[in-house]
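This report describes one protein model, going from its metal site to its charged side chains. Please look at the structure before reading on.

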Amino acid sequence: MSTVQPPPYEIDLEKEREEIIARYKGLLRSIRGDRTPEGARMIRKAFNISVEAHKEQRRKSGEPYIYHPIEVARICAAEIGLGATSVTAALLHDTVEDTDLTLEEVREMFGETVAVIVDGLTKISGVQFQTDSMQAENFRKVLLTLSQDVRVILIKLADRLHNMRTLDNMARDKQLKIASETLFLYAPLAHRLGLYNIKNQLEDLSLKYKEPDIYNEIETKLKKGEAVRKRFISRFTLPIKESLDKEGFTYEIKGRPKSIHSIYNKMLKKNVTFEEVYDVFAIRIIIDTKQELEKADCWRVYSFVTDYYQPSPDRLRDWISTPKANGYESLHTTVMSPGGRWVEVQIRSKRM
Ligand code: MN
């Protein structure tokens, strides 16, 4: 996605340099957890090397190419929670493929782990993708075996997410190709790795380019219904909050709006209207508790919920006794609100 052509307007290089530094500082702020001096040094070095390597390149939008690796690294840290090694590899992820920098140089400067990750990312972009689902399944297998280190896939997903967020500047046929590939390949991968938030974003962005009219319609309706949804959820959660407070729980309750893509899918599959799909609300209760108490505490919260609301017996999903194959742990139940509306309640601990 790079070009050596300068943009068709005057560039203020000094201003751009300041903007690059500002974005780099934003990246550093987004890194959570312990920061070691070695980690900080490695990231700083990767930033300098990457700025130098990409300095002649620009994105289709005309922006400096380096904005892309910085943003991919920021997504890795802020939205996936990855650490210094991944941030370093993300900053370097397009250098071996698109610049004069060699894998050997990366290995010498950053060591074997970073080199293996950058190599995996370079190899993935070399694999050609076909749009039928059989091929997609094969390709997913290729991806998973190609990358002994799971961080390769995680950084690849961050890379794809940023490319999807900046798809506006691509030609229409490219947009469609990339959106299809994202939907068939990368969203299922994100799902398999338990990155549900990334998966939803990838699916929504794909739909935005594949079916812009439908996407805009659902988005508008969602915005319109937001106030009603918030009021409903605050009223619904009030007695649950009272019980949690009385029992001394530390918790967080989120009213989770469904993704645009999942609403669209349900409308298609069940042949129903937006209003019928949207009638189903979902909330998530996340408790902060010790690991040895978390299962028992989740069931206690479940009992608070069902003290007030009638659960649907066939809609109980217990993924805390037996987690899903991908490691997902949570307790799901669907209960009836006083207004006759079904509400899905998900209960889990912070660790889960
Ligand atoms: Mn990239």
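The model is predicted. It holds a manganese ion, which is coordinated by H68 (NE2), H93 (NE2), D94 (OD) and D159 (OD) at 2.2 to 2.3 Å. Along the chain, these donors follow the spacing H-x24-H-D-x64-D. H68 belongs to helix α3 (residues 67-78) and D159 to helix α8 (residues 150-165), so the pair ties together parts that are 91 residues apart in sequence. H68 and D159 are both buried.

Salt bridges come next. The whole structure contains 23 salt bridges. The table lists some of them, with the distance between the nitrogen and oxygen atoms.

| Salt bridge | N to O distance |
|---|---|
| K55 and E52 | 2.6 Å |
| E181 and R160 | 2.6 Å |
| E181 and K177 | 3.8 Å |

E181 pairs with R160. This pair links distant parts of the chain, since E181 is in helix α9 (residues 172-192) and R160 is in helix α8, 21 residues apart. Both E181 and R160 are buried. E181 also forms a salt bridge with K177. E181 and K177 are separated by about one helical turn, because they are 4 residues apart in helix α9. Is K177 buried, partly exposed or exposed? K177 has a relative accessible area of 49% and is therefore partly exposed. E181, at 10% relative accessibility, counts as buried. Elsewhere, salt bridges that share partners join E71, R74, E79 and R165 into one network.

Which residues gather in a patch of positive charge on the surface? They are K266, K269, K270, R315 and R317. Helix α12 (residues 260-270) gives the largest share of the patch, 3 residues. R315 sits in the loop between β3 (310-311) and β4 (317-318), and at 34% relative accessibility R315 counts as partly exposed.

Two single residues remain. N271 lies in the loop between α12 and α13 (274-278). N271 has a positive phi of about 55° although it is not a glycine, and it counts as exposed at 71% relative accessibility. I198 is placed in helix α10 (residues 196-210) and counts as buried at 1% relative accessibility. The C-alpha atoms of I198 and Y186 are separated by 9.6 Å, with the residues 12 apart along the chain.

Terms used: Residues are numbered from 1 along each chain as its sequence is written. This is a predicted model: local features need pLDDT of at least 70, side-chain atom pairs count only at pLDDT 80 or more; totals for chains, interfaces and linings use all residues. Side-chain values use heavy atoms; hydrogens and water are left out. Patches are made of residues with over 30% relative accessible area and no salt bridge: like charges are joined within 9 Å, nonpolar side chains (Val, Leu, Ile, Met, Phe, Trp, Tyr) within 5 Å. Accessible areas come from the Shrake-Rupley method with a 1.4 Å probe; for residues, only the protein chains shown count as cover. A salt bridge is a side-chain nitrogen of Lys or Arg within 4 Å of a carboxyl oxygen of Asp or Glu. Lys and Arg count as positive and Asp and Glu as negative; His and the chain ends are not counted. The place of a charge is taken as NZ of Lys, CZ of Arg, CG of Asp or CD of Glu. Helices (H or I, at least four residues) and strands (E, at least two) are DSSP runs, numbered from the N terminus. Buried means under 20% relative accessible area, exposed over 50%, partly exposed in between (1.4 Å probe, protein chains only). Donors are N, O and S atoms within 2.8 Å of the metal (3.2 Å for Na, K and Ca); water is not among the atoms, so sites may look incomplete.
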